[in-house]
Each structure stands twice: as structure tokens, then as C-alpha cells.
Amino acid sequence: VTLFDPTAVNVQRDPYPSYHWLLRHDPVHRGAHQVWYVSRFADVRAVLGDERFARTGIRRFWTDLVGPGLLSQIVGDIILFQDEPDHGRLRGVVGPAFSPSALRRLEPMIEATVDDLLRPARALGAMDVVADLAYPLALRAVLGLLGLPAGDADAVGCWSRAVGRTLDRGATAEDMRRGHAAIAEFTDYVERALAERRDDGADLLALMLAARRSRLMSRNEIVSTVVTFIFTGHETVASQLGNGLLSLLHHPDQLELVRRRPHLVPQAVEECLRFDPAVQSNTRQLTADVELHGRRLRRDDVVVVLAGAANRDPGRYDRPDEFDIRRDPVPSMSFGAGMRYCLGAYLARLQLRTALGAMATLPDLRLATSPNELAYQPRTMFRGLTRLPVAFTPAG
Ligand code: HEM
């Protein structure tokens, strides 16, 4: 019996065979680094709905890991690392900006952005979906959510990537050094944006400034929230768009189906999310001893739930390894569950539907490299391609 280790090269390339081993033989598995890995759908849902599986310890883990300084302060205030009551307070402030009615104002911008980004490619008949569409789209969408100018996307994208790399088990000393340098510039930028803003708009920045006036949110929490949302809001969507399109490219019959029947796009997006999620895992630390699936887990143990495995659980899905956009949509674990269910799910779906719908219309769309040449970014929690070169028949 080997220990499951998400940093292993073969797991990063294709985690699904290992997930099946876990699902079948050891659904609550003590893996590498003394971490518990939970794979079955029902167990994952139970963990995510149980407050004893908490985040505070995880916050301490990361703040210790990045060392003292601004980065650790920002990381310490991230909503994702708070437990109640702070988690509920922050979620209450930012939540309204994520409702479908609030996000409707972003729909025309998202459609226009996809159009703009595809224009040069349409003429060429070739593009790298990751660099030319996925990242720029996702970044502009999250800047729109916050109420920050789309023109800042390049700078913000660089800082965000540098900071994000520090929050991964595979982070190197050089990643840490760059993360510390980037957070200083990033924070300056957010501070300037806040100083120039009024709290009377419909966007998230305005909402948070109003919350600050009524002492519901501190300035540090606002800076931290902006940084986090930019990072989580764009890395996830960008990675998911690449993973989803690759699934369609590997199944040309289904890509053709989406092209001929655009009303299937929302269902196709759900299947892409299930089949190869951008967020593979979520981490918790126990505040009490707990029994799960006959295993005794101890207070302070670190528990990782594997959404990517839960989405392939044969106890939950028929033919779990078949990519089938026509399957009866069964919700997946890709946006999490319980009190931390992804706030950005609607915004993510909006982008994925618009972008995948537009890509599917490109005539004779195909992968422009051998599948063996495709590589994944070296990360454990997020799964996303480094490049996704495609070709199609150019317009006119
Ligand atoms: C939470 C996935 C897009 C903001 C989560 C969680 C998952 C997830 C799995 C739960 C984390 C946990 O339980 O520890 C995804 C995926 C996305 C996506 C797969 C894209 C396809 C976005 C976007 C935003 C966003 C666009 C917008 C800024 C958040 C926030 C939380 C969250 C704020 C924390 C909620 C809380 O702690 O209460 N996301 N996400 N996400 N997501 Fe997303």
C-alpha cells in the first residue's frame, strides 16, 4: 500500500487512477505528510458540512509557512481561512455582490470580452486558450466584480500569481521571495484604489467601503479580500476553462453536439466541472476527535477532501469516468458544499458558458499539439494546464 501524495508528479499529471484506488480501497486514507484524504462523495459532503472540520489551524499553517511580514498578515485575514463568527460576518458583507441580480451587470462585459479576445484568433485559426482567453477573461471579470479598471489586469495578474504560488505545498524558497515582493506592490495598489473610491457604487469595493464605515470590516480585511478574490476568482475560472475545453476536445462527438445544440452549453459546463475540476481539494483541521468511516481522526489532524475523487465516486455517479454532457445533471463537489460553498459559482458559470459556448462555434476546432505535450501547473490544490494550443478554420 502506497501513501497518497498529491505532490507526486504522476498524480499531478493524472490524479484519477489514484482517486479510484482511494475510493475503492481506503476512502479515509492516512497519506503523505500525515494528512487524511477523504474521497467518497457522501464523506466529503459530511466533512464540508461539519464545523469541527475547521480552518483556523490551516490559517496558522500558511501564516507560519510564509513567515512574518505583510504576506502573513494578508493571508491571516483571508475569508477562506476564517471560522465562525468572522467567516459569517465577512460572507454577509461580500455575499450580496455575488447574487445573480448583482452580477447581471457584468454579463455584457463578459460577452464583449470573450468576443474581443477571440477576434485576433478568429483571423489566425490558432490560439493558446490558456494565455489568450482563459486568464485575461477571468481576470477582467473579477476586476469588474470588484469595480477595478480592466486596464490594471496585467499588473494585477502578475502580483496575484506570485502571491498564489506561496499558498501551495509545492512552493519553493524562490516562490516565497517573489510572493513577499509582490504582496507589497499589490497592497499599495489596493490602498490607492480604496483611497480614490467612494462607497456609493454597486460593485464589491463600494460594498466593502460601506461596511468599513459601519465597522463591519477592517481596512486590512478589505485589502486581504481584494487580493484573495482576485487570486481565487481568476485562477479557478482560468484553470477550469482550460480543463473543460480539453475534455471537450478529447471527446469530439460531444464538442460537435455542443456546437449543433447550443442549449446544451450549461449542461456541458456542469459535466466539465464534474469531470476535471480546477479545485481538486479543500483542507480542514479538526477541533475535536471524530470518527469517519470507521477511522478515528484526532483533534488537530489535517483533513483534505478530494473533490476530484468525489466527482468520480461510482456510488454517486453512473459511469463516473465517462465524459457525457447529456447525463442527468447531478451536482458535483467542484464548488464545495455547506457553509463555504463557493461564492463565485454563478460568476464562474457565466464565464464558462460564454467562453465554452463561443469556442464550440469555431469551425473544425481541434487540439494543436500532441496530448503528451500538455503539462499541468505544478500545484496541488488547483489543477490547470500551462498551455492549451488549439487550431480551427480561420474566418473569411
Ligand atoms: C469557495 C471552487 C470561482 C470566490 C470555493 C470553494 C471551492 C471553490 C471548492 C470551497 C472552499 C472550501 O470549502 O474550503 C471554485 C471553482 C471556481 C471558483 C472551481 C471556478 C470554476 C470563484 C470565483 C470567485 C470565487 C470566480 C470570485 C471571486 C470564492 C470565495 C469562496 C470560495 C470567496 C469562499 C467562501 C467561504 O469561505 O465562505 N470556491 N471557485 N470562486 N470561492 Fe470559489
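**A cavity, a sheet and an iron**

Mentor: Keep in mind that this is a predicted model. Start with the residues that line the largest cavity: Gln267, Glu270, Glu271, Arg274, Tyr317, Asp324, Ile325, Arg327, Asp328, Pro329 and Val330.

Trainee: Okay, and how much space lies in the largest cavity?

Mentor: A search of the whole structure turns up one cavity of 30 Å³ or more. The space in the largest cavity comes to about 80 Å³.

Trainee: How many residues of that lining are charged?

Mentor: Sort the lining residues by kind. Four are nonpolar and one is polar, and the charged ones number six.

Trainee: Now the open sheet of five strands: which strands stand at the edges?

Mentor: Read the order across the sheet, β1-β2-β8-β5-β3, with mixed pairing. A strand with a single partner has one side left without a neighbour in the sheet, so the edges are β1 (28-30) and β3 (53-54).

Trainee: In β8, what is the bridge partner of Trp36?

Mentor: Strands β2 (residues 36-38) and β8 (residues 302-306) run parallel, joined by three bridges. Trp36 is bridged in β8 to Val303.

Trainee: Which helix packs on the sheet, touching β3, β5 and β8?

Mentor: Look for residues 56-66, whose direction makes about 105 degrees with that of β5 (281-286). That helix is α4.

Trainee: Last one: which residue is the single protein donor to the iron atom of the ligand?

Mentor: Go to the loop between α16 (307-310) and α17 (345-360), where the residue sits. Its SG atom is 2.3 Å away from the iron, and the donor is Cys342.

Key
Residues numbered from 1 in each chain as written. Predicted model: local features only at pLDDT ≥ 70, side-chain atom pairs only at ≥ 80, totals over all residues. Heavy atoms only, no water. 1 Å grid on protein atoms, 1.4 Å probe; cavity = no way out; pocket = protein on both sides within 12 Å on 5 of 7 lines; lining within 4 Å. Points joined across faces, edges and corners; volume = space filled by probe spheres on them. Nonpolar A, V, L, I, M, F, W, Y, C, P; charged D, E, K, R; others polar. Pairing = 2+ DSSP bridges. Helix = DSSP H or I, 4+ residues; strand = E, 2+ residues; numbered from the N terminus. Contact = heavy atoms within 4.5 Å. Axes fitted to C-alpha atoms, helices over the stretch in contact; angles between N-to-C directions. Donors = N, O, S within 2.8 Å, 3.2 Å for Na, K, Ca; no water.
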